[in-house]
Amino acid sequence: MYIHLYLGLFCMPYLLIFGLSSLDFNHHFFPTQTEKKPLLPIRSVHMPLLEDDRILGEALRDSLGLFGWYLPWETKRDSLVFITTIAQPGKEYHLKLSLSNGEVEITETYKTAGQILRSLHFMGESIPSAPWWVNLWQYYQVLTVYSMLFWTVSGVYLWWRKKNSHPAERWVLLGMGVFSIGFILFVWLAG
């Protein structure tokens, strides 16, 4: 019984984040105004000029000691500059690399709390070049899913063993279980 209780407490933060972000996807109540920080000091990097934008963007990210996803739709290049964005759940780095001298202008954009929650909602993979402790979130998601499965089964078991339950409650539980599984199979098979 204590395992059931503590797994519920373990899952609670993720369920709150998941619930709030799901509501925001549908009703857009979190503010979306981001805060742009002034340019960080211009830094110089020494790297070969690569033709592939993705490889160049990721190499630039790594040479600056940043972490996050390279965004190909935010990338532009001409003969003088290479512009790209590196995104992570809390902020974005807008990078402008001078192809002639290797100087990089960096602008940080901090995301709002709502944008961070929406990012955590979908983040089931490692963030490229991130420290190990940042990537623990994906394992917390998986543990929460398995904990919830155990939580559901143990909750039904504990309720079933309850001595003062009415027999109609068991029939309702069985009926809803059969209906739910049947509906899932119908949608899966019928498409």
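Me: In which sense do strand 5 (residues 91-98) and strand 6 (residues 103-110) pair, parallel or antiparallel?

Reply: This is a predicted model, in which local features need pLDDT of at least 70, side-chain atom pairs count only at pLDDT 80 or more, and totals for chains, interfaces and linings use all residues. Residues are numbered from 1 along each chain as its sequence is written, and side-chain values use heavy atoms, with hydrogens and water left out. Strands (E, at least two residues) and helices (H or I, at least four) are DSSP runs numbered from the N terminus, and two strands pair if DSSP finds at least two bridges between them. Strand 5 and strand 6 are joined over seven bridges, and the sense of their pairing is antiparallel.

Me: Which residue of strand 6 is the bridge partner of Leu95?

Reply: Strand 6 covers residues 103-110. Within that strand, the bridge partner of Leu95 is Ile106.

Me: Which residue in the hairpin of strand 5 and strand 6 takes a positive phi near 80°?

Reply: The hairpin has four residues between the strands. The residue with the positive phi near 80° is Gly102.

Me: How are helix 1 and helix 3 arranged relative to each other?

Reply: Helix 1 (residues 2-27) and helix 3 (residues 113-122) pack with their axes 9 Å apart, at an angle of about 110°. Axes are lines fitted to C-alpha atoms, for helices over the stretch in contact, and angles run from 0 to 180 degrees between N-to-C directions. Angles under 35 degrees count as roughly parallel, over 145 as roughly antiparallel, 65 to 115 as roughly perpendicular and the rest as oblique. Helix 1 and helix 3 are therefore roughly perpendicular.

Me: Which residues of helix 3 make the contact with helix 1?

Reply: Contact means heavy atoms within 4.5 Å. Helix 1 contributes Tyr14, Ile17, Phe18, Leu20, Ser21, Ser22, Asp24 and Phe25. On the side of helix 3, the contributors are Leu117, Arg118, Leu120, His121 and Phe122.

Me: Is Ser21 buried or exposed?

Reply: Ser21 belongs to helix 1, and apart from its neighbours within four places in sequence it is in contact with Leu117, Arg118 and His121. Buried means under 20% relative accessible area, exposed over 50%, and partly exposed in between (1.4 Å probe, protein chains only). Because its relative accessibility is 0%, Ser21 counts as buried.

Me: What does Asp24 touch, not counting residues up to four places away in sequence?

Reply: Asp24 also lies in helix 1. With a relative accessibility of 1%, Asp24 counts as buried. The residues that Asp24 touches beyond four places in sequence are Phe29, Phe30 and Arg118.

Me: What covers the buried residues of helix 3?

Reply: The buried residues of helix 3 are Gly114, Gln115, Leu117, Arg118, Leu120 and His121. Their cover includes helix 1 and helix 4 (136-161).

Me: Is His28 buried or exposed?

Reply: His28 sits in the loop between helix 1 and strand 1 (35-44). Although it is not a glycine, His28 has a positive phi of about 50°. Because its relative accessibility is 60%, His28 counts as exposed.

Me: What relative accessible area does Ser129 have?

Reply: Ser129 is in the loop between helix 3 and helix 4. Ser129 is not a glycine, yet its phi is positive, at about 65°. Ser129 is partly exposed, its relative accessible area being 43%.

Me: Which residues in helix 5 meet Val156, Trp159 and Trp160 of helix 4?

Reply: Helix 4 and helix 5 (residues 167-190) pack at an angle of about 155°, their axes lying 11 Å apart. That makes the two helices roughly antiparallel. In helix 5, the residues that Val156, Trp159 and Trp160 meet are Glu169, Arg170, Leu173 and Leu174.
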